[in-house]
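Reader: Hi! Could you walk me through this model, pockets included?

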Amino acid sequence: MTHSSPPAARSTAVVVVPVAIGVLVAVALGVYGRLHEPAFFSVNVAGFSSPGAVKSWLATAAFVLALVQLGSALVMWGKIPGVAAPSWIGGLHRWSGRLAVLATVPVAVHCLYALGFDFSSPRTLVHSLLGCFFYGVFVTKMLMLSRPNVPGWALPVVGGLTFTALTGLWLTSAVWFFTTTGLTF
């Protein structure tokens, strides 16, 4: 005779396990960024004037793709009155998310490897915290997507947190960079 856990325990585990793993990812990134000796250089791309410009434009691309994510999610879930979800909206949502995260990877590598977890100013502290949080909540979202019986509220909440974290990252990096140095490439 097999014993199975009650439905409430299963639905709690479906949320708690991905959240716990996401928290571990966020903490691990923060610890690495704090303990790693900054190299002060990591990512540069030909045609850009500096690593800051590369990071700012990649972060801006990720933010624009996150806006596509938000809009496509609202359409998919019928939250925009009078707009029926076309058959291709799910693909747009998945691919814009993949491309957004792909755009953030060189930025995160540069931030963690070249600069580390920085608390020398309020902006850099918030930025460092948001960076760790973003990847933790992103991992949580990806793990929840692959699990059956996730409560209906969980993915919109985690998706909203992912969007909010990326928006905060963009504001504390690219917007700050462009307002202090101008729109440079």
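Author: Happy to; we can start with the overall fold and then go into the details.

Author: This is a predicted model, where local features need pLDDT of at least 70, side-chain atom pairs count only at pLDDT 80 or more, and totals for chains, interfaces and linings use all residues. Residues are numbered from 1 along each chain as its sequence is written, and side-chain values use heavy atoms, with hydrogens and water left out.

Reader: Thanks! How many helices and strands does the chain have?

Author: There are five helices and zero strands, which gives the pattern α-α-α-α-α along the sequence. Helices (H or I, at least four residues) and strands (E, at least two) are DSSP runs, numbered from the N terminus.

Reader: And what does the C-alpha trace span?

Author: Along the principal axes, about 65 × 45 × 25 Å. Among contacts (heavy atoms within 4.5 Å) between residues at least 6 apart in sequence, 75% join residues at least 24 apart.

Reader: What percentage of the residues is buried?

Author: Buried residues are 37% of the 185 in the chain. Buried means under 20% relative accessible area, exposed over 50%, and partly exposed in between (1.4 Å probe, protein chains only).

Reader: How do you define a pocket and its volume?

Author: On a 1 Å grid over the protein atoms alone, a pocket is an open set of points with protein on both sides within 12 Å along at least five of seven lines, while a cavity is a set where a 1.4 Å probe fits but cannot get out; lining residues have an atom within 4 Å of a point. Grid points are joined across faces, edges and corners, and the volume is the space filled by probe spheres set on the points.

Reader: What classes of residue make up the lining of the largest pocket?

Author: That lining has 16 nonpolar, seven polar and four charged residues. Here Ala, Val, Leu, Ile, Met, Phe, Trp, Tyr, Cys and Pro count as nonpolar, Asp, Glu, Lys and Arg as charged, and the others, Gly among them, as polar.

Reader: What about the second largest pocket?

Author: The second largest pocket has a volume of about 550 Å³. Of the 31 residues lining the second largest pocket, Lys55, Val107, Cys111, His127 and Ser173 are the closest to its centre. H2, H3, H4 and H5 each supply at least two residues of that lining, and by class it has 18 nonpolar, ten polar and three charged residues.

Reader: Changing topic: which residues form the largest nonpolar core?

Author: The largest nonpolar core has eleven residues: Ala62, Ala66, Val101, Ala103, Ala108, Phe134, Tyr135, Phe138, Ala165, Leu166 and Leu169. H2, H3, H4 and H5 each supply at least two residues of this core. A nonpolar core is a set of buried Ala, Val, Leu, Ile, Met, Phe, Trp, Tyr and Cys residues joined through side-chain atoms within 4.5 Å.

Reader: What does Phe134 touch?

Author: Not counting residues up to four places away in sequence, Phe134 touches Val101, Thr104, Thr162, Ala165, Leu166 and Leu169.

Reader: One last thing: what is the phi of Asn149?

Author: Asn149 has a positive phi of about 65°, although it is not a glycine. Most residues other than glycine have a negative phi. Asn149 sits in the loop between H4 and H5 and is exposed, with a relative accessible area of 66%.
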